[in-house]
Amino acid sequence: MQLSRLRIKLKGAVQGVGFRPFVYRVAKELGLRGFVINDSRGVLIEVEGSRERLNRFLIELHKRKPPLAHLFSQEIESLPPTGYKDFEIRESEEEGEKEVFLLPDIATCNECLKELFEPSDRRYMYPFINCTNCGPRFTIIERLPYDRPNTTMKVFEMCPECEKEYKNPLDRRFHAQPNACPLCGPWLSLYIPSGELIGEGKKALEVSLEMLKEGSTLAVKGIGGFHLICNATEEEGVKKLREKKRRQEKPFAVMFRDLSQVEEYALPTDLERALLLSPERPIVLVNKRKELAPSVAPGLKRVGVFLPYSPLHHIILRSLPFPVVATSGNLSDEPIVKDNDEALKSLSEFVDAILLHNRDIKRRCDDSVVKVIGGSPTPLRRSRGYAPMPIKLPVKLSKKVLAVGGMLKNTFALGMEDRAILSQHIGDIENLTTLSAFSEAVYDLMGLYDFTPELVVCDHHPRYETTRWAEEFSKEKNIPLLKVQHHYAHILSCMAENSLKEEVLGVAWDGTGFGEDGTLWGGEFLLTNMSGYKRVFHFRKFKLIGGEKAVKEPRRVALSILFHIFGKDASRVIDIKKMGFSDKELENLYIAWERGINSPLSSSVGRLFDSVSSLLGIRQKLSYEGQSAMMMEDLYDPSVKGHYPFELKETEIDWETLFLALLEEKDPKVATSRFINTLVHIVLGVAQEIGTQKLCLSGGVMQNDPLVSGIKNILEDKGFKVFTHSKVPPNDGGLSLGQVMVGALY
Ligand SMILES: [Zn+2]
Ligand SMILES: [Zn+2]
């Protein structure tokens with residue numbers, strides 16, 4: 001028989017995921033000889049056997065690879081046979097090798113779950129069960145390489161039985177760094193707010209479950225931080241939690257025992273079901289079926305639901321007859337709490353007890369949020385389960401780039417060669433606490449990857465905290481700083497994740513971003529390629545009366561639009577009173593508008609949504625960002641046909657005719673639907689005018705499903721190709737990816 005030998009080099013997330021034992025099994029099955037070994041960039045395999053078997057091996061390698069393995073590249077070399085006698089797993093030769101692809105935290109796998117609830121198993125009901133296919137990674141690692149002494153598990157010495165598993169290449173727990181059992185691993189403890197220890201281990205769990213059943217709220221330590229947890233079907237508890245957290249209406253996420261419990265309360269589609277069950281276990285926005293406690297997601301058709309992802313969650317949810325609110329344990333506007341002493345200090349006021357454990361969380365990592373938009377799963381927050389998986393770029397960077405992102409929903413990114421590593425969700429950076437959390441996270445991730453930036457990129461906005469931070473950083477490290485226009489970065493991020501380098505028509509619509517002319521942009525059409533962009537169309541500008549105040553009060557934007565159209569007579573034309581302004585206020589607001597006092601100009605589509613929501617009586621003031629747009633999305637009715645007129649004037653989209661028609665409409669549902677239809681037709685109109693065949697949609701407004709679906713349907717019908725986000729958020733959480741791309745131009 002003719003023998004051949006293949007040398008296969010695989011790069012990607014192939015270490016610490018049970019890849020070598022898998023290769024071993026496949027090679028043995030096929031009677032092949034050779035070896036598999038981890039090297040500094042991934043896995044190296046040599047296999048020897050017949051041509052036909054080698055081909056089968058290559059197919060099986062991809063078909064059956066472990067669920068957590070992600071391959072980024074494969075090199076195959078054909079060599080003369082060398083006469084291997086057997087197949088073996090070789091120990092890595094180099095010590096201290098760098099695992100380039102650090103893995104995210106992964107939800108408890110089915111095999112561990114079976115053991116968790118099997119009374120005869122030695123890990124029965126043990127809240128820290130894990131294996132090579134599941135468990136914490138990103139949140140426990142202190143430095144590379146990913147080895148137990150370099151994780152927060154270093155303080156736990158494995159018992160002989162755990163060690164046996166850890167050392168056996170054929171065991172599911174071979175080199176599972178957080179491997180533990182009740183004899184040797186971490187344990188739970190329960191405290192009451194006064195700081196008194198109530199119990200440990202089983203007792204801590206039992207008392208916690210009793211308390212939750214009786215309606216208490218608990219802080220529970222998870223994978224990337226603490227959750228505040230209470231019965232999601234009891235209004236009293238949920239309302240109390242809102243009051244204590246000073247969180248008026250922003251929806252809470254709800255954790256369910258399993259898919260069948262989700263389906264009692266919500267109507268997930270097949271795609272949403274698959275997302276809920278994925279190993280990343282994000283929060284998924286799904287339509288409600290029956291109301292949980294009314295305060296969970298007030299005024300919205302959708303609710304954020306997720307399934308347990310740590311063994312502790314599984315135990316809690318299986319022991320309770322109801323789903324639970326599971327919201328980030330933090331003070332408002334502050335990062336999620338991750339440390340025990342911090343929790344005892346700052347979460348005590350919110351809860352009746354604190355359930356913690358002694359496996360330290362090295363870095364905080366919030367839950368991820370995904371929504372199906374235009375038929376594709378789209379992250380609204382990319383964090384636990386996804387970060388820090390790299391994103392492949394369509395360009396090669398000549399320098400190492402640190403991109404600091406924006407101000408809201410911040411993520412930052414490290415760019416190197418042909419990939420970007422986006423950080424976990426850092427949050428809104430609006431005060432010193434969040435800024436120092438941001439800074440800490442940047443140094444942490446750079447340290448982890450041994451990353452020394454040669455270029456730093458930030459937003460163009462002079463008042464973003466991240467911009468100031470980047471200015472200082474560039475001075476301190478003596479490296480160049482690039483400032484990138486906000487909406488350009490949005491479009492580049494969409495291009496990056498869709499592997500586009502050619503010219504596209506970028507549609508960047510959001511709340512506001514700093515424009516190059518000093519006004520607040522947010523309704524932009526940018527003809528974009530790798531060397532820059534041209535602002536080919538934008539919405540007619542209007543004044544935001546009161547600046548930041550207008551962002552929180554849709555009625556101010558509506559009033560401004562009316563002033564623009566009708567001048568001082570606005571109140572005679574329509575009933576402005578329903579907006580809730582007094583006569584005196586109206587007079588002052590008119591003066592502010594006319595003279596431009598604290599009334600910056602804006603072309604933002606996000607603000608146009610706000611103005612419409614005010615004019616239709618949907619919402620006059622917001623209690624969280626994006627609230628009016630979410631409520632309008634819920635009102636959208638696909639059976640309503642038609643749209644309002646608009647005018648394309650040179651490079652400006654005039655909305656005056658749009659609003660005149662909208663004001664005539666009686667039914668808010670019809671008006672909302674036609675408003676969104678109009679935006680779809682504006683994109684079509686501009687696309688036809690410009691003629692570029694490929695479009696990229698980005699910016700926070702593109703989180704709106706009927707809008708994105710409408711644009712995709714109508715434009716693709718006309719032969720355009722529409723690209724959207726599916727790897728990073730369309731909102732400012734995706735900005736850092738676009739900023740990294742600019743590094744390639746530098
Ligand atoms: Zn497992
Ligand atoms: Zn053990």
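**Close-up views of a predicted model**

**View 1. Surroundings of Ser398.** Apart from neighbours within four places in sequence, Ser398 is in contact (heavy atoms within 4.5 Å) with Glu454 and Tyr746. The model is predicted, so local features need pLDDT of at least 70 and side-chain atom pairs count only at pLDDT 80 or more, while totals for chains, interfaces and linings use all residues; side-chain values use heavy atoms, without hydrogens and water. Residues are numbered from 1 along each chain as its sequence is written, with chains lettered from A and ligands numbered from 1 in the order in which they are written. Ser398 sits in the loop between strand S17 (391-392) and strand S18 (401-403); helices (H or I, at least four residues) and strands (E, at least two) are DSSP runs, numbered from the N terminus. Ser398 counts as exposed because its relative accessibility is 60% (buried means under 20% relative accessible area, exposed over 50%, partly exposed in between, with a 1.4 Å probe and protein chains only). A distance of 46 Å separates the C-alpha atoms of Ser398 and Asp634, which are 236 residues apart along the chain.

**View 2. The site of the zinc ion (ligand 1).** Cys109 (SG), Cys112 (SG), Cys131 (SG) and Cys134 (SG) coordinate the zinc ion (ligand 1) at 2.3 to 2.4 Å. Donors are N, O and S atoms within 2.8 Å of the metal (3.2 Å for Na, K and Ca); water is not among the atoms, so sites may look incomplete. The arrangement is tetrahedral because the 4 donor atoms subtend angles of 103 to 119° (four donors count as tetrahedral if all angles lie between 85 and 135 degrees). Cys112 lies in helix H3 (residues 110-116) and Cys134 in the loop between H3 and helix H4 (160-167), so this pair ties together parts 22 residues apart in sequence. Cys112 counts as buried at 0% relative accessibility, and Cys134 counts as buried at 1%.

**View 3. The site of the zinc ion (ligand 2).** The protein donors here are Cys159 (SG), Cys162 (SG), Cys181 (SG) and Cys184 (SG), 2.2 to 2.4 Å from the zinc ion (ligand 2). Angles among the 4 donor atoms are 105 to 117°, and the site is tetrahedral. Along the chain, the donors have the spacing C-x2-C-x18-C-x2-C. Cys162 lies in helix H4 and Cys184 in the loop between H4 and strand S6 (188-191), so the pair ties together parts 22 residues apart in sequence. Both Cys162 and Cys184 are buried.

Terms used: Tetrahedral: all angles 85-135°; square planar, octahedral: opposite > 155°, others 65-115°.
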